[in-house]
Amino acid sequence: MGIDAGFDMVPPLSTGVVDRRNWGQFIDFIKEHYKADTQVEIKPNYINFNAGEHPKLPFEGHKFLRFSSKVSGRIAITSGVEHYINTIRGLAQVHFGSRIRYWNEGADQYGVYDWNKVRESIRSYEQPDDSEMPTTIAQFLNGTDPLKELKIPLFEIKDIPGKGKGLVARLNISSGTLLLCEKPLLRIQSKPREELEPLLVTKLKAMSRASQRQFLALHNNFPGKYPFSGIVKTNALPCGSGSHVGGVYPTVCFINHSCIPNAHNSWNRSEEHETIHAIRPIKIGEEITISYDHGGQSSARQEFLKESFGFICTCSGCTLPPSSLRASDNRRTQIQILDEAIGDPFRMMTSPYESLWDCYSLLRILEQEFDSHPGALVARLYYDAFQICIAHKDQARASIFAERAYKVRVTCEGEDSPDTMRMKSLAFSPADHSSFGVYSNKWKTTRESLPKGLDTVQFNKWLFRQES
Ligand SMILES: C[S@@+](CC[C@H](N)C(=O)[O-])C[C@H]1O[C@@H](n2cnc3c(N)ncnc32)[C@H](O)[C@@H]1O
């Protein structure tokens, strides 16, 4: 008879955009992880593990119910199937959390699904579904299929009370959707306005008529002696975090600011374009917003926006009732304090447990402040946690943190962003980071030393070293 063990996906994934994308990322991760393993075969429609009873992972995630095999008996033991099950289960938990249910008949644990249903699902791996073109608008509105196949514009430019024009969603949009990707009309180094103006005149003369018209159609909060630099000051977005070069765009520059944005703007330095991705689900009719500021309490944000862009912010975060605004300001202060503490290299070296604990606290506060969708701030936080771990040679946790940073970056910036790609490569090879072991060996682990049999809460406790 033998003993079976494995894990189930409960509930099964849907055919919706988000589940498909998550499963696609998971499959890419597995392919990369096992690319040098001769027991792992990539078939046209699934990955086959030539161990035990040859468990499989399909490319269509909604078909997947179970990954399992007999783990007793000579073949199972010599082929190392249990090791595959444990490793893949750990990686699946990172992607799908508590949806992954581990079971082992040796410990009197059993899978959720009936074996007949499981066998039927595995048979269906061979037959890819027909491409599912939705037949009703309702399906699009529910976000069940890739919107880009339809070529329906995701937004329109409309008047927004009190803010001039802005972008408004024409459909329900899921988190991670690329809303816009644009090359700048012009790029220019930040300078005093009197120096900027003649440079802009030269640049404008060199532009096509159509581009000139697009530039001149943009809003100007600083009219007067230097009209062109007024347009730049109102609209330019830095080409990369902290850059002194700003880009001006024909459509991106119609996106208004919010201190609790639903989209993220990112300069892709390889492609030299700006991308805008939804960082939370956006409802039909909702305004699409990005953040122009660097955070901080509401008064500091207002001052920065007035000084840098010439407006008083009326976003939902700044117009909260007084008691909610005070609570938000307190969280923002905490965010700044924790951010500074985490970035302190001496503390990272001498008190890494405390630094990692601060990462965990910051994660919780960011989730509260940004309604569970803190966007790229969390990618930075995971990268900080990565650096703490790798500086003390903990490759197992560093790899998980890099993978989490990678997943957030995919949502905020897309797969082709250089920062996303760097996180992906660090997830596979954390020891390639220049800080590997620079502080100590005291947390030394290998990338494979992941704990077994933990649920999501226990896994996070292990990850942030909060077990004791
Ligand atoms: C880059 S433009 C955005 C598009 C602009 N609304 C338009 O009509 O062209 C920035 C300007 O939009 C307005 N704006 C953007 N976000 C705002 C906000 N949160 N509150 C008030 N006004 C805002 C301000 O006038 C700001 O200077």
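**Figure 1. Residues of helix α6 meet residues of helix α8.** Arg193, Leu196, Glu197, Leu200, Val201 and Leu204 in α6 are in contact with Phe228, Ser229 and Val232 in α8; two residues are in contact if their C-beta atoms, placed from the backbone, lie within 7 Å. Helices (H or I, at least four residues) and strands (E, at least two) are DSSP runs, numbered from the N terminus. By class, this contact consists of six nonpolar, one polar and two charged residues. Ala, Val, Leu, Ile, Met, Phe, Trp, Tyr, Cys and Pro count as nonpolar, Asp, Glu, Lys and Arg as charged, and the others, Gly among them, as polar. The model shown is predicted: local features need pLDDT of at least 70, side-chain atom pairs count only at pLDDT 80 or more, and totals for chains, interfaces and linings use all residues. Residues are numbered from 1 along each chain as its sequence is written.

**Figure 2. The axes of α6 (residues 193–205) and α8 (residues 227–235) cross at roughly 95°.** The two axes come within 8 Å; they are lines fitted to C-alpha atoms over the stretch in contact, with angles running from 0 to 180 degrees between N-to-C directions. Helices α6 and α8 are therefore roughly perpendicular to each other, a term for angles of 65 to 115 degrees.

**Figure 3. Phe309 lies in helix α9 (residues 298–309).** With 18 other C-beta atoms within 10 Å, Phe309 is partly exposed. A residue is buried if 20 or more other C-beta atoms lie within 10 Å of its own, exposed if 12 or fewer, and partly exposed in between, with C-beta atoms placed from the backbone. Apart from neighbours within four places in sequence, Phe309 is in contact with Asn221, Thr234 and Tyr292. Between Phe309 and Ser243 there are 66 residues in sequence and 16 Å in space, C-alpha to C-alpha.

**Figure 4. Domain 1 (4–124) and domain 3 (322–463) belong to a protein that also has domain 2 (137–309).** The domain bounds come from an automatic or database domain assignment. The centres of domain 1 and domain 3, taken over C-alpha atoms, are 27 Å apart. Their contact takes 10 residues from domain 1 and 12 residues from domain 3. On the side of domain 1 that touches domain 3, α1 (17–33) and α3 (81–96) are the elements that give two or more residues. Helix α3 supplies the largest share of that side, five residues. The side of domain 1 that touches domain 3 comprises two nonpolar, seven polar and one charged residues.

Conventions
Parallel < 35°, antiparallel > 145°, perpendicular 65-115°, else oblique.
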